[in-house]
Amino acid sequence: MRAIKFTIIDMLRCKITLFILLVFSVIAFFFIRESLFFGFLYLCFGGIIASIQPFAQEQQAESGFINMLPATKGDRILGRYLFGLFLLLFSMVLASLVAIVYGVIHPASHENWSLLIIGFLGGGLIMISLQYLLFYVLGKMKSQQFQGFIMMLPGFIFFFGINFLMEEYRELVPAIAAWISSHMNLFVLLLLLAGFVTFGVCSFVSTLIANRRDSL
Amino acid sequence: MSLLEVKNLSKSYNNFTLQDVSFSLPKGYVMGYVGQNGAGKTTTINLITGLSQAAHGMCTIDGICYQDNPRKYKEMIGFIGDESYLPQECKVSDIRFILKSMYTSFQLEYFNQMIQKWELPENQKIVSFSRGMKVKLMFASALARNTRLLILDEATNGLDPVMRAEILELLQNYIEDGEHSIFFSTHMLNDLEQIADYIAFIDHGQILLNKPKDDLLESYVLVRGDSLDLTPTMKQKLIGITSGEFNFEALLDSDETMGFDSRFVMEKPTIDQIMIHQIKNGGAAHACN
Amino acid sequence: MKILISNQSELPIYAQIREQLKEQILNGQLPSGTVLPSIRKLAKEVGVSVITTTRAYNDLEEEGFIASMQGKGSVVLSTENKILKEQYLMRIEDGLLTAVETAKRIHMTEPELHALITDLWKETLL
């Protein structure tokens, strides 16, 4: 499939971000407080921020070579979304490693972190898909500073938004919070499902938008 | 039979309109697409390569248009662009990998031969390449597969003469079998002028002139003289007069030289001179009438 | 075969190619039956456009110096060819015309010129 070839091309061009994510996974340890949750949140945030790299490159100079490759815009865009998914998976693999190492260091903790991973996968996928859709809607931006700010925005909203909710949600909407804690399995699965649906819808809409537009 | 067929292409941007651009390039020939910066060369090329979509008109390569089969269409094109064409953060090895995985007709051996011949560093990022090295890598990428049409977008600007001669030879090899064609755009004709079969002038989004180069060169003479020696009828015949303090210079239709005697100096114009005086003459606005 | 292009020449490039080939055919450097390089090969070697060389060959073909043969390419025709004879005749006339005009200018008589031609005829070994 041609889309996957574009995913690989994105990986080739963004090798550095993979290393940056490794650094993130070390920092993630400092975010683990009472629960692995905030460590995972931090890594997921890292994945979302890292996934903007190919767009940032295109904003600087759209490479004609890539556009001239024998493929459709749809191939390129799906490839880009798959790259986002790949980065998220990568950051969640790192999160799992963090959890395993943490378990070795603190044998007393018996947290069921696999559910958390799946939850973050779902949540992260929703965020990455929405942010990619936003980038395709905005297209080429004129101002460099504004562009950098816009690109980082979704990641930070995600990070601080969830931080805020985790601190305050019990007071805000106690009914929902209670439902989530009692139906954790179902909630996580729904989140993952929503992630893939968002992924599909956003990539499809992005292709429609790009086909009507001249560049990107 | 024509390899590249462009029919009534139109496209509008905020402050620029490409109007009804048509031309055709037969198999085995070279066309130079000439115009000032901002005349519409890149817009036309973006429409040909399928990067942009025309508001009206169509464009085919070997009878296929982009919408019919984007992948096949793009396989037929070899593109040589400007400095930023290749992804700057890639190395030669990355480019090789991408070419190998994307193009069915990629010839690895031939590519490697060219990389070796031109001594392009394998593990250095393209961003650190010189202009000449980038051009070489673009040629290696385009020529190492089976294409039908080579498109050069301002590709030879600012290359040294040795490199240019080398490129001319490559280009002539490319069209020698009569099945491949070359379309190049430039605002500096001297670069590839000698091998161009056809010259098309574009100005303000319209085709001003489109002729075989030899016909074009023969259809005008360049005349210089003293403005005082001009009668009104003679002055009418002149195309795009540039007057200085001591003389004037203008183009003249080769069949209209009556009356221009030894007081005037007449010589063969270059393509550049034809372009300058045609644009001076009012360019696209004039061609409409 | 030898082609030298000059960008300073007043003659267009196709005409330069045509004239140089003609010269070489007429003076025997390219004898009849010689197969000329293909139009595309010549364009490549000389570094000019294909249309330019095509035009030179077309002109030569029209003037009867060469003929394009199926599958063989362009071949130099025999100088016995009628059209070629005319070309020769024209060259001779040109030369003689210059001689006559010059002779008249210095008031040389017709028999004197005849005598000069006879002398030259004998002296020339060709």
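Helix 1 (residues 41-49) of chain B lies across strand 3, strand 6, strand 7, strand 8 and strand 9 (198-203) of chain B. The helix runs at about 150° to strand 7 of chain B. Angles here run from 0 to 180 degrees between N-to-C directions, and axes are lines fitted to C-alpha atoms, for helices over the stretch in contact. Helices (H or I, at least four residues) and strands (E, at least two) are DSSP runs, numbered from the N terminus.

This is a predicted model: local features need pLDDT of at least 70, side-chain atom pairs count only at pLDDT 80 or more, and totals for chains, interfaces and linings use all residues. Residues are numbered from 1 along each chain as its sequence is written, while chains are lettered from A and ligands numbered from 1 in the order in which they are written.

## The six-stranded sheet

The sheet is open and has six strands in the order 6-7-8-3-9-10 (chain B), with mixed pairing. Two strands pair if DSSP finds at least two bridges between them. Strand 6 and strand 10 (206-212) of chain B stand at the edges with a single partner strand each, so one side of each has no neighbour in the sheet. The twist averages 15° from one strand to the next.

Strand 6 and strand 7 of chain B pair in the parallel sense over four bridges. Phe79(B) stands opposite Ile151(B) in strand 7 of chain B. Strand 7 (residues 149-153) of chain B also runs parallel to strand 8 of chain B, joined by five bridges. There the bridge partner of Ile151(B) is Phe183(B) in strand 8 of chain B.

## Strand 8, covered on both faces

Six of the six residues of strand 8 (residues 181-186) of chain B are buried, so the strand is largely enclosed by the rest of the structure. Buried means that 20 or more other C-beta atoms lie within 10 Å of the residue's own; exposed means 12 or fewer, and partly exposed lies in between, with C-beta atoms placed from the backbone. Ser181(B), Phe183(B) and Ser185(B) are buried on one side. Ile182(B), Phe184(B) and Thr186(B) are buried on the other.

Strand 8 of chain B also pairs with strand 3 (residues 30-34) of chain B, in the parallel sense and over five bridges. Gly32(B) stands opposite Phe184(B) in strand 8 of chain B.

## The four-stranded sheet

A second topic is the open sheet of four strands, ordered 12-13-11-14 (chain B), with antiparallel pairing. Strand 12 (239-243) and strand 14 (265-267) of chain B stand at the edges, each with a single partner strand, so one side of each is left without a neighbour in the sheet. Neighbouring strands of this sheet are turned by 20° against each other on average, direction ignored.

Strand 11 (residues 220-225) and strand 13 (residues 248-253) of chain B pair in the antiparallel sense over six bridges. Val221(B) stands opposite Leu252(B) in strand 13 of chain B. Helix 9 (residues 271-280) of chain B packs on the sheet and touches strand 11, strand 12 and strand 13 of chain B. The helix direction makes about 95° with that of strand 12 of chain B.

## Positive phi in two loops

Asp62(B) has phi near 50°, a positive value in a residue other than glycine. Asp62(B) lies in the loop between strand 4 (56-61) and strand 5 (64-65) of chain B. This residue is partly exposed, with 17 other C-beta atoms within 10 Å.

Glu119(B) has a positive phi of about 55° and is not a glycine either. Its place is the loop between helix 4 (108-117) and helix 5 (131-143) of chain B. Glu119(B) is exposed, with 8 other C-beta atoms within 10 Å.

## Contacts between chains

Two pairs of chains touch, and chains A and B have the most contacts. Two residues are in contact if their C-beta atoms, placed from the backbone, lie within 7 Å. No contact joins chain A and chain C, whose closest C-alpha atoms lie 28 Å apart.

24 residues of chain B are in contact with 16 residues of chain A. Helix 2 (70-75), strand 6 (77-80) and helix 3 (92-102) of chain B each supply at least two residues of the side that touches chain A. Helix 3 of chain B gives the most, with five residues.
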